[in-house]
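Have the chain and the model open beside you as you read.

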Amino acid sequence: MERATGHEQPQETKPTLYVVATPIGNLRDVTLRALDILRHADVIAAEDTRVTSRLLNHYGIDAKKLLALHEHNEQRTAPRLIAELDAGRSVALTSDAGTPAFSDPGARLVHAVREAGYPVVPIPGANAAAAAVSASGLFDPHFMFYGFLPARPSERRKALEGLKAVPCMLVFYEAPHRVVEAVEDLAAALGDTRRIVIARELTKLFESIHECDLGGAAEWLSANPDRIKGEFVLIVEGAPPDQDAQAAQAQRTLEVLLEELPVKQAAALAAKITGARKNDLYKLALELKHGGDA
Ligand code: SAM
């Protein structure tokens with residue numbers, strides 16, 4: 001097929017697998033480049049052909065060939081799609097919503113296609129996690145995308161124990177029938193005081209984004225049955241810095257510097273290195289040097 005570049009005219013190229021992001025609700029959240037690719041692809045491999053057909057129909061696109069690639073047939077469908085590439089045809093991969101292979105099928109196909117020597121080109125676009133992070137208002141520059149927690153309560157709690165100390169925002173996908181138990185378990189494992197942002201039905205009619213303490217999240221959700229309908233992204237603040245470890249590190253740094261420098265200088269330098277407060281380190285330095293009676 002013709003490969004769309006960033007410019008207006010597509011250009012001929014080697015058979016390619018395009019990984020095409022589609023909307024997460026609002027059908028207008030599709031890129032012009034994604035539409036070009038879907039229009040020109042020789043084969044579209046869709047997680048659910050009915051869902052992708054809705055998008056294609058909306059934009060008046062007639063798929064040349066549409067087939068299903070989902071988690072249950074990905075392994076055996078990949079060779080079929082590689083055969084299409086071998087025959088000089090290009091393939092577009094879509095999932096039901098958002099970015100394929102992002103908590104969705106696709107990674108196995110991508111791997112197999114690259115192994116077979118064909119280019120894999122991402123066509124970026126909608127993604128529920130990115131949309132939720134962008135509108136969360138939580139400041140952390142780092143986040144960990146976890147995706148779906150285990151459905152079984154015991155496994156979910158175990159997974160959350162392992163996330164307790166992660167020092168950056170945690171991003172989860174959650175289904176409506178599990179969202180209340182999920183936030184209850186989050187509060188039990190991570191404590192009541194961290195902030196949570198509950199992003200529901202993003203880009204859709206009943207979109208809502210609510211921020212509260214983890215301890216109050218289950219109650220807020222349960223207060224109105226409409227609040228537990230639809231699709232969810234949950235974003236939870238990361239673990240607070242370990243104060244004891246920080247203090248111990250500051251003290252160790254100060255002790256080393258005190259072997260070589262006067263109290264004032266050692267405290268100032270230790271504060272610069274560790275980020276601890278200069279005055280606190282000065283007092284500590286006096287104690288260390290003179291047993292507190294200087
Ligand atoms: N590939 C998708 C993406 O790029 O975001 C995610 C697919 S995953 C199977 C589906 C989950 O994503 C939903 O259960 C929900 O947690 C989240 N999700 C998808 N669309 C959403 C939306 N419009 N609002 C909130 N969460 C959404």
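## Around the ligand

Sorted by class, the shell around the ligand is made up of 9 nonpolar, 4 polar and 5 charged residues. Please keep in mind that this is a predicted model.

Which residues come nearest to the ligand? Of the 18 residues around the ligand, these are T99, D104, N127, Y173 and F232.

| Protein atom | Ligand atom | Distance |
|---|---|---|
| T99, backbone N or O | oxygen | 2.8 Å |
| L202, polar backbone atom | nitrogen | 2.8 Å |
| E231, polar side-chain atom | nitrogen | 3.3 Å |

How much of the ligand does the protein bury? Taken alone, the ligand exposes 570 Å², and 91% of that is buried by the protein. As for its location, the ligand sits in the largest pocket.

Now step back to the whole chain. The protein is divided into domain 1 (17-126), domain 2 (129-236) and domain 3 (243-288). Which domains each give at least three residues to the shell around the ligand? Domain 1 (17-126) and domain 2 (129-236) do.

Methods. Residues numbered from 1 in each chain as written. Predicted model: local features only at pLDDT ≥ 70, side-chain atom pairs only at ≥ 80, totals over all residues. Heavy atoms only, no water. Near = heavy atom within 4 Å. Polar contact = N/O pair within 3.5 Å; in protein donor to acceptor, adjacent residues only side chain to side chain. Areas by Shrake-Rupley, 256 points an atom, 1.4 Å probe, with all protein chains shown as cover. 1 Å grid on protein atoms, 1.4 Å probe; cavity = no way out; pocket = protein on both sides within 12 Å on 5 of 7 lines; lining within 4 Å. Sits in = over half its atoms within 2 Å of the grid points. Nonpolar A, V, L, I, M, F, W, Y, C, P; charged D, E, K, R; others polar. Domains from an automatic or database assignment.
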